[in-house]
Amino acid sequence: MSQVDDNLLKKVISHAKEYGFVFPSSEIYDGLSATYDYGQYGVELKNHLKAYWWEAMVKLNPNIVGIDTAIFMHPTTWKASGHVDAFNDPLIDNKDSKKRYRADVLIEDQVAKIESKIEKEVAKAAKRFGDDFDEKQFRTTNPRVLQNQSKVENINQRLKEAIESGNLGDLKLLIEELGIADPLSGSRNWTEVRQFNLMFSTELGSLAEDSDLIYLRPETAQGIFVNFLNVQKTGRMRIPFGIAQIGKAFRNEIIARQFIFRMREFEQMEMQFFVKPGEELSWYEQWKEKRMKWHQILGLGENNYRFYDHLNLAHYANAACDIQFRFPMGFKELEGIHSRTDFDLKAHEEYSGKKLQFFDPQEEKSYVPFVIETSIGLDRLFLALLSNGYTEETLEDGSSRTVMKLPAPLAPIKAAILPLVNKDGLTEKSQSIFDVLRFDFLCQLDVKDAIGRRYRRQDAIGTPYCITVDHQTLEDETVTLRERDSMQQERVSIDQLPQILSERCSLSRLLRQL
Ligand code: ATP
């Protein structure tokens, strides 16, 4: 199977728009790049995803509490966290096309091209040798593969050194030596490489002086660190404990594309878990496992996730990995799990002059806790569900349908109530069912068009159940319940509906599996 499916991404984007999940922001003015609005179904799915995360963290763990901190923070926060000095991307402009690129990404793309040459070589040989093919031997002996492999390693090493030492001249040199051309225009006429800070800034009050410059937070984590003592004291929390937060973050991404995968305004769900120094690596392993399980329960396919260990650790981390998901663009980061040591709390102690420590009653001493962070992008999770759920099916009668196969507890609408015909009192009966269910489930009452078309509309937005009200309903108080994926119908009594829906559609069905 091909790793990258551009076509699928295009289909998901247009489906998301056509069915009210995601719209380009301020579209009547032709949109704003890398900014999106969530529509009437999108916001429901997003809220369910937040609830699944929040409840898994805060409700199921007595030692994790949640907070909600401001987007604006004291500017010194970002000095302490290192974002003012080091939250940069290396930028390069093409003088002819006037297009701007991330220098490291141009080089990484070049590496990917060489890697794909290797894969083609391997695939060709596999075809030629058939069952006798020994892939490992081929990769370690074929001269062309070895030559390309050594090229890849060499470039990666130089890229790593240039990034780590901040040597922008070397990045430019590498781009020149590799003969990298602007992917759009083919021109090799590049500017020098410059550092570009990813934080958005604005001014507080009316004065435009430096001291009034504040930032839109690039991550939610710092709101947690600066409140460490407030929460620990008022919540009488004891190590180990965690603080969770869901909120907006802003990054002036240079190349923001791939739909809601990389946006300039996005939402994060972050949890910082404070532990005793020395115990962090065992907690790191536990959180890796817990987070992977949380993802797997969504049922998007075990093989669609993998851990990816960071090769270059940030200066503050002593272990870090990503949980990657198989997006239509290939395996990409969905969540980061980082062992951040005591870097952040110590830096805030230094810059604020306040002690950010925990008094351990057993050891009778205070210490700065170490931190394990789990950080997931809500919008990326949303894209994972949408791209995995999007399914085109040809039915037995030759007709086709597009189904959004979302897990029932996350689906925007839980049930659609459909009178078979809009007469003979069936609509009134449907309304009375709707009036009972609406207190517990978001339902839709749809009377327009033929029943088949109404089923298709609900399939497209991922509604797990359609309840059809027909003439028999008026006689024996039963309805047909149609399941979205199997399209199987069962006859059930109206009285049973609340229990059936709550068993199959409630969030606790997912949470109980954790
Ligand atoms: P990337 O390498 O893809 O830029 P990152 O390593 O900078 O991501 P983190 O700083 O670890 O990302 O942020 C934690 C999570 O926030 C990521 O795993 C991702 O899901 C999400 N995230 C980060 N940047 C964006 C963005 N521009 N748009 C949407 N989600 C994002």
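The model is predicted: local features need pLDDT of at least 70, side-chain atom pairs count only at pLDDT 80 or more, and totals for chains, interfaces and linings use all residues. Residues are numbered from 1 along each chain as its sequence is written, and side-chain values use heavy atoms, with hydrogens and water left out.

**Overall build**

The protein has 514 residues, and 48% of them count as buried. Buried means under 20% relative accessible area, exposed means over 50%, and partly exposed lies in between (1.4 Å probe, protein chains only). The C-alpha trace spans about 80 × 70 × 55 Å along its principal axes. There are 18 helices and 23 strands. These are DSSP runs, numbered from the N terminus: helices are H or I with at least four residues, strands are E with at least two. The accessible surface comes to about 25,700 Å², and 48% of this belongs to carbon and sulfur atoms. Such areas come from the Shrake-Rupley method with a 1.4 Å probe; for residues, only the protein chains shown count as cover.

**The ligand site**

Around the ligand stand 15 residues, and Glu 253, Arg 262, Met 263, Glu 333 and Leu 334 come nearest. Strands S10 (265-275), S13 (330-341) and S16 (370-377) each supply at least two shell residues. S13 gives the most, with five.

| Residue | Protein atom | Ligand atom | Distance |
|---|---|---|---|
| Met 263 | polar backbone atom | nitrogen | 2.8 Å |
| Gln 268 | polar side-chain atom | oxygen | 3.3 Å |
| Arg 380 | side-chain N or O atom | oxygen | 3.1 Å |

The protein covers 82% of the 600 Å² of accessible area that the ligand has on its own.

**The nonpolar cores**

A nonpolar core is a set of buried Ala, Val, Leu, Ile, Met, Phe, Trp, Tyr and Cys residues joined through side-chain atoms within 4.5 Å. The largest has 62 residues. Tyr 52, Trp 53 and Leu 410 are among the members that touch the most others. Contact means heavy atoms within 4.5 Å. Not counting residues up to four places away in sequence, Tyr 52 touches Trp 294, Ile 297, Leu 298, Leu 410, Leu 507, Leu 510, Leu 511 and Leu 514. A second, separate core of 20 residues includes Leu 437, Cys 443, Leu 497 and Cys 505.

**Around helix H12**

Asp 342 sits in the loop between S13 and helix H12 (343-352). Asp 342 is buried, with a relative accessible area of 14%. The side chain of Asp 342 makes a polar contact of 2.8 Å with the side chain of Lys 346. In H12, the buried residues are Asp 344, Leu 345, Ala 347, His 348 and Glu 349. Their cover includes helices H3 (76-80), H9 (221-226) and H10, with strands S10 and S13. Gly 353 follows H12, and its phi is positive, near 75°.

Notes: Near = heavy atom within 4 Å. Polar contact = N/O pair within 3.5 Å; in protein donor to acceptor, adjacent residues only side chain to side chain.
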